[in-house]
Each structure stands twice: as structure tokens, then as C-alpha cells.
2 protein chains.
Amino acid sequence: MLKVHNFSAGPCILPRQVFEKSAESILDFKESGLSIIEISHRSKDFVEVMDKARSLVKEILNVPDTHDVLFLQGGASLGFLISAYNLMGVNKTGGYLVTGSWAKKAAKEASFMGNSIIVGSSEDKNFNYIPKGYSISNNLDYFHVTSNNTIFGTQIKSFYQGTTPLACDMSSDIFSRKIDVSNFDLIYAGAQKNMGPAGTTLYIFNKKILGNSSVPIPTMLDLKTHFEKDSMFNTPPVFAVYASMLTLNWLKNNGGLDFIEKQNEKKANLLYNQIDNSSLFKGTANLEDRSTMNVTFTLENDDLNETFNNMLADAKINGLKGHRSVGGYRASMYNALSLESVELLVNVMNELEIKKG
Amino acid sequence: MLKVHNFSAGPCILPRQVFEKSAESILDFKESGLSIIEISHRSKDFVEVMDKARSLVKEILNVPDTHDVLFLQGGASLGFLISAYNLMGVNKTGGYLVTGSWAKKAAKEASFMGNSIIVGSSEDKNFNYIPKGYSISNNLDYFHVTSNNTIFGTQIKSFYQGTTPLACDMSSDIFSRKIDVSNFDLIYAGAQKNMGPAGTTLYIFNKKILGNSSVPIPTMLDLKTHFEKDSMFNTPPVFAVYASMLTLNWLKNNGGLDFIEKQNEKKANLLYNQIDNSSLFKGTANLEDRSTMNVTFTLENDDLNETFNNMLADAKINGLKGHRSVGGYRASMYNALSLESVELLVNVMNELEIKKG
């Protein structure tokens with residue numbers, strides 16, 4: 001097989017052994033003679049997969065006993081609605097930190113059953129920074145943030161600490177660094193970055209929120225429904241949960257967050273240093289808010305785009321095109337992307353520098 | 001690999017070649033050097049998969065131009081809510097034919113944003129028949145039915161024809177027989193029976209319902225949201241859609257509904273004949289409402305259960321345990337289950353008959 005360096009923003013690269021084990025289990029799961037995708041979700045073998053996936057999340061993130069973990073469906077986009085439903089309190093108002101397109105969409109869904117207030121926004125500068133110094137008023141039932149903004153390449157480095165319940169869409173940087181789960185009432189994350197393939201969404205929540213919403217919640221959007229059935233109220237997305245379990249197991253066996261946090265910083269520093277020392281490239285995100293996951297940059301001279309694109313293609317570097325709302329380039333460097341792939345990218349950038357800088 | 005005969009109620013058996021092609025594409029998709037589960041859902045290669053899956057549904061079911069097709073998430077359980085939201089009209093009332101547990105759950109979700117009226121129910125006889133002779137009043141915005149009841153082994157043989165918009169949860173028998181799609185305003189179906197692995201849900205709808213609900217709909221529950229983005233409003237469940245596309249392609253290449261309908265009838269007749277001519281076994285569903293997909297039956301003498309269970313295990317017949325709310329046995333015979341597997345089951349039943357009958 002060709003070696004392709006996959007810098008896609010998500011779905012994205014996963015560990016090679018996850019592909020290998022997944023393929024094996026699709027042909028014959030645990031030597032049962034059955035495929036992982038044809039067994040009953042109520043079978044002992046699959047219940048074990050679900051339990052293992054949930055317990056790996058708890059172990060890797062050091063989830064306290066106050067919290068629990070579910071694997072649901074619908075992506076973070078349904079999470080916008082689920083989080084608002086489950087966190088609405090007597091004030092029927094949620095506060096939102098609008099740091100990008102996804103945060104904006106999250107705020108919109110809260111307006112469906114309550115009010116959403118924009119606590120801070122960086123839309124004035126096309127979301128190239130994380131607003132700070134905002135104040136959280138007492139009449140908010142919760143405060144919602146997006147930890148990492150894939151499109152704009154920004155990331156919250158220090159989370160709000162206070163009495164207002166904190167909710168976080170952590171889709172694009174969960175499992176990339178250490179976090180204090182006890183600080184959050186609700187974390188949710190689409191799997192397709194650091195956790196597994198697209199098709200399942202992780203929810204981590206303080207159990208005290210269950211059943212305490214001030215608004216009626218449809219059955220499937222109520223976290224209590226799924227909590228009471230151990231994440232098996234209805235048929236779960238079997239394969240996505242299975243491959244997530246494998247990915248989490250890989251992370252655990254490779255040093256967990258201690259290792260991966262350092263590794264991700266190393267990768268990010270390498271690339272940001274190249275950009276900062278370059279005469280051709282320019283980073284688009286505010287320095288102190290730069291994401292370790294998604295590095296956004298442009299070529300200052302548009303005439304060089306074609307040359308650079310050809311060099312990337314020759315090096316089998318894939319997925320570097322920036323989002324249409326920012327333009328330029330975006331290097332997404334999720335957990336499974338190796339340091340070697342980033343070194344290769346940096347070498348290609350350096351080559352261009354030598355040729356045209 | 002062992003040959004196991006998988007009679008599971010769902011997730012269930014899929015064609016062997018779907019397992020093989022899926023495993024291959026997880027290791028290397030279209031010789032790209034990338035896995036199907038690591039490529040961007042916006043890549044040309046995946047957009048083709050989604051388009052192909054949607055067009056295969058249209059081709060196989062002969063979907064008229066008035067209708068369109070989406071692949072979403074959440075299972076039929078979220079479909080209960082989505083169907084009610086999208087079909088609520090000026091009367092804010094849906095009518096439900098309650099033929100089992102799923103139908104009952106569907107009716108419950110309609111109460112969330114409107115009223116649900118039970119048009120007919122077979123709960124009086126533990127759902128062992130399909131109610132008939134009900135009348136649909138003029139003040140219903142839609143009439144909701146469940147085409148096949150996996151737990152109770154019943155199936156609607158002839159659908160309501162009238163002016164009230166018809167909605168159908170077709171999770172467990174879609175693609176098993178010919179249907180007239182133009183007769184339905186909305187069909188939805190979890191993939192994990194005849195369409196593919198768990199993790200995606202099919203929606204087929206008359207485009208005239210879009211944007212015509214009388215109630216406000218959250219973004220992700222509005223079919224219009226997904227229709228306008230060609231089923232890619234947010235990241236789709238990539239692998240589940242891919243494997244569904246493969247399964248639909250297998251169905252098309254194996255004679256489509258013309259062939260499979262006859263094949264399913266042949267399998268069902270074989271097993272029902274065995275039951276009807278047996279002194280040991282008894283079917284639980286009303287004769288004229290018997291499902292071709294799920295055959296429910298009991299051993300009249302409980303003392304024989306252990307012997308029969310051992311004989312099934314020896315023959316590598318898997319997944320025959322009945323649902324706890326009915327007891328006994330349930331043979332689920334979805335499209336990918338071969339006639340040979342049913343013949344084997346019948347032989348085992350016959351053997352017991354000879355020994356103990």
C-alpha cells in the first residue's frame with residue numbers, strides 16, 4: 001500500500017492497527033464465525049465492546065465518579081440540541097462563546113427551547129482569536145464553549161472556572177490533551193477526529209444534570225434515557241463504537257494523554273516554527289490562541305499556490321486545503337498523525353522557501 | 001472460517017461479499033492508500049458513495065420523482081420524533097396504528113409537539129395480529145404505521161390507501177418486498193436489517209412535506225435541512241453508508257425486489273409449513289398477518305427446549321431466541337439469509353419431531 005500522509009480535518013487519520021483490527025473483525029469477530037457488523041447489539045460480545053469503550057474513556061480522561069459516559073449518534077450537530085435541552089434551567093437561558101461556525105450553530109439550537117445569549121464573539125475578526133475577559137451573568141443556566149475551532153485554527157487554552165455549569169463541544173481536540181473533567185457539566189464530541197470513525201458521538205456529563213432540565217425533552221434527546229440503559233436504549237452504531245474502542249485502546253497503550261499531549265505539542269511547535277520563520281507562509285490565528293490540532297496558514301504570494309500544491313501531491317501529503325471560509329491551507333494533526341508526517345510537511349515547506357523565498 | 005447460520009433479529013446477517021469489500025476498503029479504499037474510515041466526507045470519493053447509495057435506493061424501490069432519499073443517523077427511535085415533527089399539520093394530530101412496542105414508542109414522541117391518537121391497536125392480544133377495519137378521521141395530519149413487527153412476527157400485507165398522508169416505520173422489512181412508494185408521504189428505516197450495518201437510517205419522503213410542518217423543528221430534525229445539503233449537512237456515518245451502498249448493490253445485482261420477494265416468500269413458506277405440520281411447535285402470530293421476515297414460534301412442551309437448543313447449537317444456528325416479551329423462538333430471515341440456512345433449521349426441527357413428536 002502507498003504511504004499517504006493524511007492531514008484531513010475530519011474524518012481523519014486513525015492508527016493503522018485500528019484499520020487492521022477493524023478489517024479482521026468485519027470478516028470474523030473474535031473467531032466467532034460472525035462479522036462484528038452482523039452480531040446482535042445485545043450479544044455478550046458486543047455488550048463487552050460498549051462497556052470497554054465507556055470504561056476506556058473514563059480511564060484515559062480520569063473521569064470522576066460524579067460523571068458518566070455515553071456513545072450516541074447524530075454528531076456534534078445534534079449535540080447542540082441535546083446539550084441545550086439537558087442543561088436548560090429555571091432561567092431558560094444559555095450563554096455562548098462564539099468562536100466559530102460550530103459555536104454559532106450551537107447557540108441557534110438553544111433558541112429552540114430557550115434563550116441563547118452571546119457572552120463573547122470573535123466574529124469581528126473572522127474568528128481568528130478566542131475572546132477573553134467576558135463576564136458570565138448570574139441568570140445563565142449554563143455557559144457553552146467550543147474547545148477547538150477546526151476551521152479557524154484556534155483553541156481555548158484555559159477554560160472558564162466558576163459556578164455556572166460549563167458545557168463544551170470538544171469534537172476536535174478531545175483526547176489530545178489533559179483536561180479536568182470535573183470542571184465540566186457536559187462534554188460532547190463527534191468521534192471522527194481523535195476517537196474513531198464518523199458515526200458516534202461521545203457524551204460525558206455530571207450525573208446531577210439528569211432529569212433536572214426545566215424543559216420537556218423528547219425521549220431520544222434526553223441523556224437520562226440513554227444513561228438508564230447503559231448507552232443501549234436503542235441499537236447503537238455498532239461499528240463506530242467498536243472502532244472507537246480500538247482507537248482508545250491504542251491511545252491508552254501508547255502512553256495516554258501524558259504522552260499524546262507532549263507529542264501533539266511537539267508536532268504543533270515544529271510546524272508553527274516553520275511558519276513563523278518563513279518569508280512565504282503566514283499563520284492566520286492569533287498567536288496565543290493557536291490550535292495544536294489544526295494549523296491554518298496562507299501563502300502570501302498566491303502565485304506560489306500551484307507550485308506548493310504540486311510539491312504536496314508529490315510528497316503524498318493529503319488534505320491540506322483550507323476551509324472555504326478561511327482559504328489557504330490547514331494542516332490537521334490529530335493524534336494518529338505521526339511526527340514523521342509533520343517533518344515531511346515541514347521539509348516540503350522548507351524546500352519551497354529555498355526555491356522561492 | 002466456521003459457517004454460522006445467523007438468524008439474528010438485527011443487527012443481522014449481511015451478504016458475505018459486503019463483509020469482504022468492507023474489510024478491503026477499511027485497509028485501502030479504491031487503491032488510494034487511505035482507509036474508507038479516514039477520508040474526508042467531502043472528498044470526491046465519498047460524495048460518490050453517498051450519491052450511489054441514494055440512487056440505488058431510488059432504483060431498487062422505484063422511487064418516483066416526487067420523492068427523495070436521505071441517509072441520516074439516530075435509528076428509527078429518532079425517526080419517531082423526526083416523522084412527527086415533519087408531518088404535523090394544522091390539526092397538530094397524528095394517528096397511530098399500534099401493532100407493537102415500536103409503534104407505541106412512535107406514538108409517544110408525537111405527543112411531544114402535538115397529539116397522537118391511537119387509530120387501532122392489537123395490544124389486547126399481545127400484538128399477535130394486525131388490526132383492520134379501523135377508520136381514519138378527517139382531523140388527522142397523518143397516519144403512522146409499522147410495516148413489520150420484529151418482536152411479534154406480524155406484518156402489514158396491505159397498506160392504507162386514502163387521502164391522509166401515510167408514514168411508515170419500515171425498519172425491518174424494507175427491501176424485502178415490492179412497495180408502492182408513491183403511496184407514502186414518509187418512509188423511514190434503521191439500516192440494520194436488510195440495508196446495512198447499524199448506524200444509519202434511511203428516509204424516503206414526498207418533497208411536498210418539506211417546510212410544511214405546522215410546528216417549529218430543530219435544525220437536525222428537519223428533513224429540509226438535510227435535503228438541501230444532499231444528505232451531507234453534517235458529517236454522515238461514513239462506514240454505515242458505505243456498507244449500505246454495498247448491500248444495496250448486492251441486492252440490485254441479485255435480481256432486486258422481484259427476486260428477493262419470491263425468495264423471502266419461499267423461505268417463509270418453508271418454515272411456516274414445518275411449524276403448521278408439527279406436533280411440537282406452534283406459531284404465535286395470526287395466520288394472515290404472519291411476517292416473512294420474523295417467524296415467531298414456541299415449543300408447546302417446555303421440557304424440550306434444552307434438547308432443541310442443543311440441536312440448534314450443534315447445527316451452528318445462531319440468534320433464534322425469542323424476544324423476552326413473547327418468549328419462545330424467533331427466526332429472523334432477512335434478505336442475506338440463504339434458503340439453505342432455512343432448510344437446515346427445518347431439518348433440525350424435523351429431527352426433533354421424529355425423536356419426540
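**Close-up views of a predicted two-chain model**

View 1. Helices here are DSSP runs of H or I with at least four residues, strands are runs of E with at least two, and both are numbered from the N terminus. This is a predicted model: local features need pLDDT of at least 70, side-chain atom pairs count only at pLDDT 80 or more, and totals for chains, interfaces and linings use all residues. Residues are numbered from 1 along each chain as its sequence is written, while chains are lettered from A and ligands numbered from 1 in the order in which they are written.

**View 2. Helix 7 of chain A has a buried face.** The buried residues are Ile260(A), Asn264(A), Lys267(A), Ala268(A), Leu271(A), Gln274(A) and Ile275(A). Seen down the axis of helix 7 of chain A, they fall within an arc of 125°, so they line one face of the helix. The arc is that of the directions from the helix axis to the C-beta atoms. A residue is buried if 20 or more other C-beta atoms lie within 10 Å of its own, exposed if 12 or fewer, and partly exposed in between, with C-beta atoms placed from the backbone. Exposed residues on the other side of helix 7 of chain A include Asp258(A), Phe259(A) and Lys262(A). The buried residues pack against helix 6, strand 11, strand 12, strand 14 and helix 9 of chain A. Contact means C-beta atoms, placed from the backbone, within 7 Å.

**View 3. Three strands of chain B form an open sheet.** Their order is 11-12-14, and the pairing is antiparallel. Strand 11 and strand 14 of chain B are the edge strands, each pairing on one side only. The twist averages 35° from one strand to the next. Helix 7 (residues 256-276) of chain B packs on the sheet and touches strand 11, strand 12 and strand 14 of chain B. Its direction makes about 15° with that of strand 12 of chain B. Axes are lines fitted to C-alpha atoms, for helices over the stretch in contact, and angles run from 0 to 180 degrees between N-to-C directions.

**View 4. Strand 12 of chain B is largely enclosed by the rest of the structure, because five of its six residues are buried.** Three bridges join strand 11 to strand 12 of chain B. Lys282(B) has Thr298(B) as its bridge partner, and Gly283(B) has Phe297(B). Strand 12 and strand 14 of chain B pair over four bridges. Here Asn294(B) stands opposite Ser332(B). Two strands pair if DSSP finds at least two bridges between them.

**View 5. Helix 9 of chain B also carries buried residues.** They are Ser341(B), Val342(B), Leu345(B) and Met349(B). Seen down the axis of helix 9 of chain B, they fall within an arc of 105°, so they line one face of the helix. Glu340(B), Ile354(B) and Lys355(B) are exposed on the face turned away.

**View 6. Chain B meets chain A.** The contact takes 51 residues from chain B and 51 residues from chain A. Helix 1 of chain B gives the most to the chain B side, with five residues.

Definitions and conventions: Two residues are in contact if their C-beta atoms, placed from the backbone, lie within 7 Å.
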